[in-house]
Amino acid sequence: MNDIAATTIENITYDELSIGQSARQVRTLTLADIQAFAALSGDLNPTHVDVEYALHSLFHGVVGHGMWGGILISGLLGTVFPGPGTVYADQSLHFARPIRTGDTLTVIATVIAKDDSTKRVTLDCKVINQAGDEVLSGTAVVLAPTQKVRRQAMHLPQLRMFDPQERLDALLATVAHLEPVRCAVVHACDPESLRGALNAGQRGLIVPVLVGPEAKLRATAEQAGLDLTGIEIVAVPHSAAAAERAVELAAAGDVEALMKGSLHTDELMHAVVTCRPLRTKRRLSHVFRFDVPTYDKPLLITDAALNIRPTLEEKADIIQNAINLAHALGTEKPNVAILSAVETVNVKMQSTLDAAALCKMADRGQIRGGVLDGPLAFDNAISMEAVRIKGIESTVAGNADILAVPDLESGNMLAKQLEYLAGGAGCGIVLGARVPIALTSRADGANARVASAALALLLAHQNRKVQP
């Protein structure tokens, strides 16, 4: 019996095959394998994907799809034995035992018959687990290749499983112990912003107080099939009045958070900025929180929505706000990468000078609670491989929790690239006021608004601890 490696693709022709000849491959089943198979096949049987259900099933735990073992047989036949040029004609399978995560399976195919007239080969196929138990068996009939093929193995893209709903549920779990706060939802006059606010209410994150034109709110609810029964509505004539009234409610302590609806950001923020009771000594700034498929932890990006070209002093406030949010989210000492186009100080690039000054400000205690490094290019901030290649010595590089961007333009482009090109799931919050402000794009869906509400809930409870 031969153990055949997959560094090259080489077939065994019909004439080279003999009765009793065999080959094998070994594979260990992971949870990612199960999830990938479910996603690609559409087989969402809870026996395979729902841990709670599976615990009470016949197998008392999650098991792999039976056909996953069949695919292993197909992989052996198609790539190794006989290999390239093989055409399936028939396959019978018998399922003897469940396959569980962590099981290491040996797939064995053995030639048991040949037909010279048709070039058909019959193979006995077995899948055996690490205990020596046969979990799957059957017979395959294939048209074996007649011409020799030897090729370099193809390097396929790595399959990454990313479930935005799972990431959202993980975020919501961190605030599940907190009681909801009253939140003024400002001019939620489109289906997604209204749905997001109501979903956040149903999930126990906020008690939504809808501030806007009542007739328009009710028409939006009817259009979207949403129920406003029991929801408090503060009627005002238009979006500007909604912003002003919501801010008044926050200043009076009637609500503990604000949530942007379908109005423009500058319309809401103008009302906030001009309300002195809501202001603090800290600069107002926005932070995006992103879950990105290719990064192993959440990323905070600031400021990509409010401060267009912040000064050095304003950048210090922006970073401090983000550090405080990271603390609230459970990161005790967040790594702050101060971004530029390069990782060295260049007197012709103001962003590199600001980065160097901000790092020194952190050394002197003017920015507290995080580890700062910069300037760092984006790749150096998030890729350990880039850090290794460039020989950068830093505890922040390649392991950033917070990305501090040079200006709003670069930050906004970065955030939207993560969402639309990298498949990231984001939400946003404004910090520096006396109440948190859930601030999302008008193009965002309901889940982004729910996630932003979770951040607002977390920060509202933090404010209770520090404000009399």
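Which residues are buried in H4? In this predicted model, where local features need pLDDT of at least 70, side-chain atom pairs count only at pLDDT 80 or more, and totals for chains, interfaces and linings use all residues, the buried residues of H4 are Trp68, Gly69, Gly70, Leu72, Ile73, Leu76 and Leu77. Residues are numbered from 1 along each chain as its sequence is written, and side-chain values use heavy atoms, with hydrogens and water left out. Buried here means under 20% relative accessible area, exposed over 50%, and partly exposed in between (1.4 Å probe, protein chains only). Helices (H or I, at least four residues) and strands (E, at least two) are DSSP runs, numbered from the N terminus. The cover over the buried residues of H4 includes helix H1 (31-41) and strand S3 (22-28).

Thr13, in the loop between strand S2 (8-10) and S3, is also buried, with a relative accessible area of 8%. Beyond its neighbours within four places in sequence, Thr13 is in contact (heavy atoms within 4.5 Å) with Pro145, Thr146, Gln147 and Lys148.

Turning to charged pairs, the whole structure holds 23 salt bridges, each a side-chain nitrogen of Lys or Arg within 4 Å of a carboxyl oxygen of Asp or Glu. One of them joins Glu248 to Arg245, with the closest N and O atoms 3.2 Å apart; both residues lie in helix H8 (residues 239-251), three residues apart. Arg464 and Glu256 form another salt bridge, at 2.6 Å between the closest N and O atoms. This pair links distant parts of the chain, 208 residues apart, with Arg464 in helix H15 (residues 446-466). Glu256 is partly exposed, at 24% relative accessible area.
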